[in-house]
Amino acid sequence: MSRRPPLLLALPALLAVAFLLLPLLGIVAAAPWSALAGRLTAPAVTEALGLSLLVSGWALLISLLLGVPLAWLLARADFPGRALVRCLAILPMVLPPTVAGVALLQGLGRRGLLGGPLEALGVTLPFSTAGAVVAAVFVSMPFLVISLEGALTGLDPHFEEAAATMGAGPLRPLRSVTLPMTGPALTAGAALCWARALGEFGATITFAGNLPGTTQTLPLKVYLLLQDDPAGATAVSLLLLAIAAAVLFALRGRWLGPLRTSPD
Amino acid sequence: MTPARPPGRPGRPARRAAVPGPLIAALLLPAAVACGSDGGDGDSDGGGSVTLTVLAAASLTDVFTEAGEVYEEAHPGVTVRFSFAGSQELAAQVTQGAPADVLVTADTRTMADVADETAEPEIIARNELVIVTPPGNPADVTSLADLADPGLRLVLAAPEVPAGRYGQRILDAQGLEVTPDSQEPNVRAVLGKVELGEADAGLVYVTDATAAGDDVRAVPIPAGQNIVADYPAAALNGSDHPERAQEFVDWLAPPEVRALLPDAGFRSP
């Protein structure tokens with residue numbers, strides 16, 4: 001009896017599930033199944049897919065290089081303004097992506113704060129693939145940082161200290177304690193970060209523009225396809241939906257599972 | 001028409017019913033929600049309040065915002081709400097059944113694509129293209145031919161939208177091969193990129209350049225090389241207020257709006 005959820009909660013919860021599920025079913029129902037292979041192998045789509053993989057791959061790599069140290073610092077180091085830095089690290093998650101795009105233009109665009117110095121170095125980010133990567137890093141890195149910082153904070157530093165007293169060198173605790181215990185969170189954060197980068201739209205079209213082969217990633221392609229080829233847009237949407245679902249499925253099965261049973 | 005309230009005391013049972021009610025309505029019956037403001041439809045003196053949703057090409061943003069205010073003043077009880085986007089995107093929204101009353105596109109082809117969904121369209125304005133550069137024209141663009149310089153940061157509208165198609169036709173007619181740095185989803189995005197100085201040049205409508213004022217420099221395209229864009233307006237068959245929608249379309253033609261057109265850079269049809 002007590003295991004049955006009260007009706008008062010179950011009804012809106014079911015409604016929430018229906019609400020989340022319905023649009024996705026819409027894509028599945030409307031997808032041009034018989035012509036799906038043809039749609040997805042159209043040169044314009046494969047070009048956008050290739051670019052999306054390239055951009056999201058670079059975004060993940062850069063996020064790892066910059067985000068892992070940032071997460072460690074936020075979790076372990078005590079420095080003034082840490083709360084502010086944490087806010088800054090999360091902000092892109094709650095910022096409208098188009099606002100992120102405008103911010104990137106005003107910061108790194110040709111007329112932006114760093115535009116002059118960058119141009120002197122021969123670097124112009126807007127309208128370039130590098131610009132699309134920058135946009136993706138800006139919006140996706142927080143997912144990695146937050147995920148990893150949470151795990152590091154939850155990990156008792158005494159474990160690392162104990163490992164340090166038992167072995168020589170600073171790498172030992174990292175290898176024998178920190179990495180194994182935060183590995184799942186790192187993987188989960190990296191997967192979410194990559195998926196977010198793959199799906200990035202607003203900051204990309206605002207900051208990097210829309211040019212096939214250079215900055216037109218799959219989400220941008222979907223947006224433009226919808227204007228004169230809705231079936232094509234639905235087919236590509238189905239592909240992105242499948243990728244997103246696959247990421248979550250993998251996370252749930254292999255990575256998030258062990259995390260949930262770990263002690264506080 | 002007032003929204004249905006669950007009967008009974010305002011105690012717990014009522015609250016329980018009130019939670020999913022509106023949600024179900026929003027999920028399953030979007031049309032029913034729109035009916036809420038239906039009361040005045042049919043009154044010719046505008047006694048009831050009606051909201052007209054007008055889907056309009058991005059290039060009309062400024063002149064229509066102004067026109068909407070003029071219309072509302074002349075028609076008490078009517079609120080005009082605009083949704084500005086690329087014409088093709090608006091047409092796609094109409095095809096997908098977006099609840100709207102009037103569609104105004106920047107070319108006749110896009111309007112023709114949704115002919116099944118609209119009443120007879122009327123041409124309400126004409127427009128032309130112009131080259132825009134940031135103030136000071138840093139790349140020294142003086143003609144269409146200059147746009148073919150591969151080193152130039154050129155931004156065009158995407159070929160999916162009318163401004164992009166017009167631009168491509170103009171360039172093709174001159175036998176010019178250009179390499180745009182971006183194909184923006186609507187013409188106002190092109191303008192924005194030029195205003196910000198991210199692009200050295202772009203092709204937009206004369207009206208966009210007019211709206212931007214001193215934020216861009218306009219480099220005219222000679223009449224022989226230019227193109228005339230027709231803007232058709234039509235009431236949508238799916239409108240909840242078909243008469244009001246047609247009234248608005250008729251009003252757009254002569255003469256109240258025409259008075260606004262030249263200031264905005266449009267040509268009267």
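These legends accompany several close-up views of a predicted model.

**View 1. Welcome to the open sheet of chain B, built from five strands.** Reading across the sheet, the strands of chain B come in the order 2-1-3-10-4, and their pairing is mixed. The edges belong to strand 2 (78-85) and strand 4 (122-127) of chain B, each of which pairs on one side only. From one strand to the next, the twist averages 20°.

**View 2. Here we zoom in on strand 1 and strand 2 of chain B, which run parallel.** Strand 1 of chain B covers residues 50-57, and eight bridges join this strand to strand 2 of chain B. To find your place in the pair, look for Ala57(B): opposite this residue stands Ala85(B), in strand 2 of chain B.

**View 3. Two helices of chain B, helix 4 and helix 5, are shown with the strands they meet.** Helix 4 of chain B, residues 61-74, lies across strand 1 and strand 2 of chain B. The angle between helix 4 and strand 2 of chain B is about 170°. Helix 5 of chain B, residues 87-95, packs on the sheet and touches strand 1, strand 2 and strand 3 (102-104) of chain B. The direction of helix 5 makes about 135° with that of strand 1 of chain B.

**View 4. Now for the place where domain 1 and domain 2 of chain B touch.** The domain assignment of chain B gives domain 1 as 47-126 + 230-264 and domain 2 as 129-225. Their C-alpha centres lie 26 Å apart. Domain 1 of chain B brings 14 residues to the contact, and domain 2 of chain B brings 13 residues. On the domain 1 side, the elements that give two or more residues are helix 4 and helix 5 of chain B. Helix 4 of chain B gives the most to that side, with three residues. By class, the domain 1 side of this contact holds five nonpolar, seven polar and two charged residues.

**View 5. Our last stop is the contact between chain B and chain A.** Chain B supplies 22 residues here, and chain A supplies 22 residues. On the side of chain B that touches chain A, two or more residues come from each of helix 2 (20-28), helix 5 and strand 7 (182-184) of chain B. Sorted by class, that side of chain B has 10 nonpolar, five polar and seven charged residues.

Definitions and conventions: Residues numbered from 1 in each chain as written. Chains lettered and ligands numbered in written order. Predicted model: local features only at pLDDT ≥ 70, side-chain atom pairs only at ≥ 80, totals over all residues. Pairing = 2+ DSSP bridges. Helix = DSSP H or I, 4+ residues; strand = E, 2+ residues; numbered from the N terminus. Axes fitted to C-alpha atoms, helices over the stretch in contact; angles between N-to-C directions. Contact = placed C-beta atoms within 7 Å. Nonpolar A, V, L, I, M, F, W, Y, C, P; charged D, E, K, R; others polar. Domains from an automatic or database assignment.
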